[in-house]
Every structure is written in structure tokens, then in C-alpha cells.
Amino acid sequence: MSSEVIGREVKRRRTFAIISHPDAGKSTMTEALALHARMISEAGAVHGKGGRRSTVSDWMEMEKARGISVSSTALQFKYAATGDDPDLPHVINLVDTPGHSDFSEDTYRVLTAVDAAVMLIDAAKGLEPQTLKLFQVCRHRGIPVITVVNKWDRPGQTPLELIDEISERIGLIPTPLYVPVGIAGDYRGLLDRRTGEYIKFTRTAGGAKVAPESILDADTARDTEGAAWVAASEESELLGELGQDHDQEMFLAGQTSPMIFTSAMLNFGVRQLLEALVEFAPPPRGRVAIDDSTREVADPFSAVVFKVQAGMDSSHRDRLAYMRIVSGQFERGMVVSHAQTGKPFATKYAQAVFGRDRATVDTAYPGDVVGLVNAMALAPGDTLYLDPKVQYPPIPSFAPEHFSSLRVTTADKYKQFRKAIDQLDAEGVVQVLRNDLRGDASPVLAAVGPMQFEVVTARMKAEFNVDTVIEPLGYALARRTDEASAPELNRQRGVEVFTRTDGAILALFSDKWRLQYIEKEHKDLLLEPLVAAAD
Ligand code: G4P
């Protein structure tokens, strides 16, 4: 297989995630993007609303019923952007992120698999807590961000207010590619800041179809829209004077963010978002390995597992590992090596998974996400490769802030309980801590958010038929320590030392005052902060 083919495939790929606060419109936007790419013929398929068949994402529906999104997966679609050869359109990979902040560790893992992020904001609400948290993760990882102000069909803030809020609160300078014509709640179209033209949208019934666009020149736009056009032109000029025009280098450096105004519900501005992704979001690039060498995209196959998941769907009770391809061409059936164990891994059951729909993947390229079925040996952060060997850095675990012990209440289920714990641990659902004192019968679970515990008990019951109870422990924070410091720490009141499955030795403290006191009294002890969720 030639590097020419890989080069061509990489160039046309864009892999991104949408980061947003729940309810900003992520599902609606996902659906609208797929609609534009003609993947589904009518919007509504993702939600399965209005009696239409739910083709794409039943699990989303299921999670919605619980008000949370716990799983993640990837949607791939082709999009012929302006100037594309229709036979060689762009290939867009949209990787889903969990919506609830309790799953920020999952989200962090997902964000290691993308090259760009779309920060979706509700026009009326502006930046919300979860958006902020996820944005910090993007910044931490150097992921360029495109800003989308959604729900422009509803009353909301002005473009300048939103721009100010984003610049002031997160130091990211929005560079609108378009200025909306019509205030929030009266969305008529967009002024294209680069061509000066007016893109006028026409509503379709219920927003179920791609909204027709007509392109008008500035004079015609002024005649048609009057004051709304004049206001948009003035805003555009002002932004130009402020230097808020798109700059590709600054965007890639995470300093500026191209901004787009949309109504995912009406399908307005969605094409513009796709065009921006194609034009500005970076294609897949090589990745630095633990030995500091870089595996380039055209090098032999390698991939990183970023998510392991089980029990998404009752008709497919299995375990899926999602890998993002980093280099080379993937072909189903290939036997690759698992860097962590040195063992071969057969990829006979490679699938693209979105909701209930699964399609066999025969070939995939850098940037693509492939689900491997029954991947019992794989854990998030693992590397798969074809020779020469490569191993990518592990995905850091977050600093847990919630600690509970888990006790089995069903008699005679101890074996299943242990199996279940090992599996949930390997999937990264929670961190599992153990020490000699407590033994193995009731391990301590550590989580970033308490909802992770609920997932554990629910899955224990649903998949292993084991009843368990969560008993909160009186610890509030953790520090990394070592063998040498452990005995002294264990002698302290309000402190307990554990070993995490990855071998890290963690000391748990009842509160920060206890920690501060011990730090002061025992300067020789190793007490290292862990990566915090918002770092
Ligand atoms: P999420 O995945 O980010 O949580 O958000 P989701 O797409 O489910 O959207 C949340 C709500 O916002 C939905 O309304 C959805 O229809 C609405 N929405 C999404 N995008 C737009 C938009 O561009 N304009 C307007 N006006 N509304 C939008 P809901 O009342 O919760 O559900 P439903 O009654 O539409 O089913």
C-alpha cells in the first residue's frame, strides 16, 4: 500500500468532537451535520422524534431518558465541500463526548482522539460550566476550537456580547467567519465576511430538510433586509478594525477561534460549519511516542485505544474498544501487536459503531475511529501497531475526588463480583484502589464524579447480576506517594494508603487541612498532586 494513498486519505479527513453543556443542541447539531452530508434523509433520525424511525442513535435516546450521556462513539460521514471532487469528498469523523461533568475523565480520553473541537454554545446562555471545563481540556491538549453559537433562531445575546464573554472569560479570541443577519430570534441569514455576500436561508417545514440558501450581493441584501443588513455590515467592519479576522496560525495555536452562528434546529449555518471544518480544522498528524520519536501518518499502522465500553445494547452484549488510527492503513483481519502485553491482537471484528447500527469496517486510515469487538485485553491508552514497535504515552488518570467502598450483597456472587470489578476497572469506569487491610472483598472505588458510582452499581446488576451497595468513605482528596512514605502515612489519623490497579500508590486524606498539617509536620514524605480534572 502506497504512502500516496495514505497521504490522500489523510488530507481529506477531519476528526473532531463537539464540546458543550447539556441542552446546547449537540444531538440536534450531530443530526443536522449528518443531514447535510446526506447520511440521513430527514432530520429527526438521531432523536427518533415524531415517529420517524430512529436510525442512528438509540442509545442516545436511552441515555436521554436518564438525562445523561455515558457512552461515546464515532459517526463517520462524507462531505463534498466547495471545490471537492465529488468522487473524493472529505471524510468527517465526529467523536461523541459524554455530556455530564461527572464523566469528564471519559471526555478527556475522547479528546485525545480528535484533532479539533467544536465548542457549541446556546445563544441565550453563553458559556456554561461544562463548556468551560471541556474547553480547558482542549486548551490543555492544544486542540484548536471552532466556536458555534447555536439556537440563533431564539432570542439571545448579541454577537458582540458573546464575543466579549468568550474573550474575557477564557482568553480565546473569536474571529467570526460570518455575521448573522437578524438578531437572535430573527435569524435570516449570514453575511460572509470574506466575500461580503449575503447567504439568505429559507425555512423548511420543521427544519427537517437542508435549508435552501440563496446568495445575494451586498446591494441586493441591503434592499432586501434593510436595517438588519446594515447592522451586520457594521458589526463585520468593527470586528475587522479590532483585528478579529481569521488567522490560521493563531487558530491552530489555540489563540483564536473561528465563530459561526447556527440554528441546528432549522439547519441554518450548518453547511458553513462543515465548510469551516474542512477548510480550517487540521487533518490527522503524526503522534509522539513515549521514546519521543514521532510516528508519522504514512508510517506503518498504529492506533491508540481511547475508550473501552461494554453493554451498550442488549442485543450486542460485548465489550468494544475504540481505537483512533494514528498511522498507516488499517485492514480488517490484520493481526497487530498490543504494545502493553506484546501479544498479537486479531482485528477480525472491526466495526464502525453508532448507536445500534454497526457496520463492518474493512479499511480505515489515520483519523478514523474503529470499534474492536470483544477486545477484552485492551484498555484506554493502549497502543496497537504493526512493526516497527511504537508505544504512545498513557492517558493520565484524573485526580479522584469521591471515594466509596463497594460491597456485594448477593450471596455466592463473589466470583462474578471480582470479574465485574476487573472489567469496569479496565474500561476506566472508575479507579479501583486496594490495600491489605481491607482485602479484596470490598475494594475502594475512586471517581471524579459520583455518577460514576451509579454506573458501577447499575452495570454490576445488569451485566453480572450482582447486587452491590456503595458506601461513601470519609476521604475527600488523594495524593500520589511511594512505598517509603506509606507506613508513616498509614499511622496518621484521617489518612489511608492504597495501591491503584496501574500500580500508583495513593494516600487518601479526610480533608485538605489534614493534608496540609501532614505536609508541614512530615516534610520528608512524598505527597504529589495528581492531574486535576480542570488542569
Ligand atoms: P444536547 O444534545 O446538547 O443535550 O441538546 P439537544 O440537541 O438534545 O437539544 C436540546 C434542546 O434544544 C432540544 O429541545 C432541541 O430541540 C433544542 N434545540 C437544539 N438546537 C436548537 C436550535 O438551533 N434552535 C432551537 N430553538 N432549539 C434547539 P427540547 O425541548 O429539549 O426537545 P424537543 O422538544 O425538541 O424534542
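**Exercise 1.** Is glutamate 225 buried or exposed, and which residue does its side chain meet in a salt bridge?

*Solution.* Step 1: glutamate 225 has 9% relative accessibility and so counts as buried, where buried means under 20% relative accessible area, exposed over 50% and partly exposed in between (1.4 Å probe, protein chains only). Step 2: its side chain meets that of arginine 188 in a salt bridge (2.6 Å, N to O); the term requires a side-chain nitrogen of Lys or Arg within 4 Å of a carboxyl oxygen of Asp or Glu. Step 3: glutamate 225 belongs to helix 7 (residues 218-225) and arginine 188 to the loop between strand 7 (178-181) and strand 8 (189-192), so the pair ties together parts 37 residues apart in sequence. Helices (H or I, at least four residues) and strands (E, at least two) are DSSP runs, numbered from the N terminus.

The model is predicted: local features need pLDDT of at least 70, side-chain atom pairs count only at pLDDT 80 or more, and totals for chains, interfaces and linings use all residues. Residues are numbered from 1 along each chain as its sequence is written, and side-chain values use heavy atoms, leaving out hydrogens and water.

**Exercise 2.** Locate the salt-bridge partner of arginine 271.

*Solution.* Step 1: the partner is glutamate 213, with the closest N and O atoms 2.9 Å apart. Step 2: arginine 271 lies in helix 10 (residues 270-280) and glutamate 213 in strand 10 (residues 213-216), 58 residues apart. Step 3: arginine 271 is partly exposed at 25%, as is glutamate 213 at 28%.

**Exercise 3.** How many residues separate glutamate 463 and arginine 459 in helix 12?

*Solution.* Step 1: they are four residues apart in helix 12 (residues 451-464), and therefore about one helical turn.
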